[in-house]
Amino acid sequence: MASTVISPLYFLSSAANTRLSLSPYHRRRTFMASSDAAGEVSAVKDVLIQYIVLRRDLIDTWPLGSVVTQGCHAAVAAVWAHKDDDHTLEYCSPDNIDSMHKVTLEVKGEPQIRNLSDKLVAAGIAHKLWIEQPENIPSCLATKPYPKSVVSSFFKKLKLCK
């Protein structure tokens with residue numbers, strides 16, 4: 001029986017050894033194929049995602065542009081620190097660069113962002129806790145790109161930043 005491998009860029013059927021291009025919508029997703037007992041192939045999406053977490057207290061007291069800049073610093077630093085990582089390379093590849101997935105969340109303040117960072121460190125989740133200088137203030141946090149299934153549980157209780 002022929003198996004089918006599904007990737008974010010094309011379908012490759014080992015039986016026919018043919019490639020079928022996907023629409024831009026499908027290129028944004030990473031698929032994994034599995035075969036059930038009846039031999040049918042099912043696809044499960046697991047998108048690469050970068051989480052950015054801002055402090056609500058700073059959002060309420062700093063100029064909006066300054067807080068957005070903090071998130072940008074953390075996101076770029078997290079990607080650059082892991083520029084040779086397979087997930088980062090895929091996330092930033094020419095086929096995916098125009099369809100990156102980021103989720104921007106918020107925590108109440110400094111204790112919460114430090115606690116989140118500690119939990120991520122303990123779990124081995126690579127991220128950047130951005131410390132604004134010269135004030136030495138932890139302003140935000142960003143993960144490196146990960147499959148959503150790997151990291152979403154760490155962020156599920158946080159609110160979307162609005």
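The legends below describe close-up views of a predicted model.

Local features need pLDDT of at least 70 and side-chain atom pairs count only at pLDDT 80 or more, while totals for chains, interfaces and linings use all residues. Residues are numbered from 1 along each chain as its sequence is written, and side-chain values use heavy atoms, with hydrogens and water left out.

**View 1. The whole chain.** The chain holds 6 helices and 11 strands. Helices (H or I, at least four residues) and strands (E, at least two) are DSSP runs, numbered from the N terminus. Of the 162 residues in the chain, 35% are buried. Buried means under 20% relative accessible area, exposed means over 50%, and partly exposed lies in between (1.4 Å probe, protein chains only). Among contacts in the chain with a separation of 6 or more, 65% are between residues 24 or more positions apart; a contact means heavy atoms within 4.5 Å.

**View 2. Helix 3 and its buried face.** Helix 3 covers residues 64-81, and its 18 residues reach 26 Å from the first C-alpha to the last, close to the 26 Å expected at 1.5 Å a residue. The expected span is 1.5 Å times one less than the number of residues. Which residues of helix 3 are buried? They are Val67, Gln70, Gly71, Ala74, Ala75, Ala78 and Val79. Seen down the axis of helix 3, these buried residues fall within an arc of 160°, so they line one face of the helix. The arc is that of the directions from the helix axis to the C-beta atoms. Val76 and Trp80 are exposed on the other side of helix 3. The cover over its buried residues includes strand 6 (48-55), helix 2 (56-61), helix 4 (86-91), strand 8 (127-132) and strand 9 (137-143).

**View 3. Gln70 in helix 3.** Gln70 lies in helix 3 and has a relative accessible area of 6%, so Gln70 is buried. Leaving aside neighbours within four places in sequence, Gln70 is in contact with Trp62, Trp130, Glu132, Ser139 and Cys140.

**View 4. Strand 7 and its partners.** Strand 6 and strand 7 (residues 102-107) run parallel and are joined by 6 bridges. Strand 7 and strand 11 (residues 159-160) run antiparallel and are joined by 2 bridges. Two strands pair if DSSP finds at least two bridges between them. Leu105 in strand 7 is the bridge partner of Val53, and Leu160 in strand 11 is the bridge partner of Leu105.

**View 5. Helix 5.** Helix 5 has 14 residues and reaches 20 Å from its first C-alpha to its last, close to the 20 Å expected at 1.5 Å a residue. Its buried residues are Ile113, Leu116, Ser117 and Leu120. Seen down the axis of helix 5, they fall within an arc of 100°, so they line one face of the helix. These buried residues pack against strand 6, strand 7, strand 8, strand 9 and helix 6. The face turned away from the buried side of helix 5 carries the exposed residues Pro111, Asp118 and Ala122.
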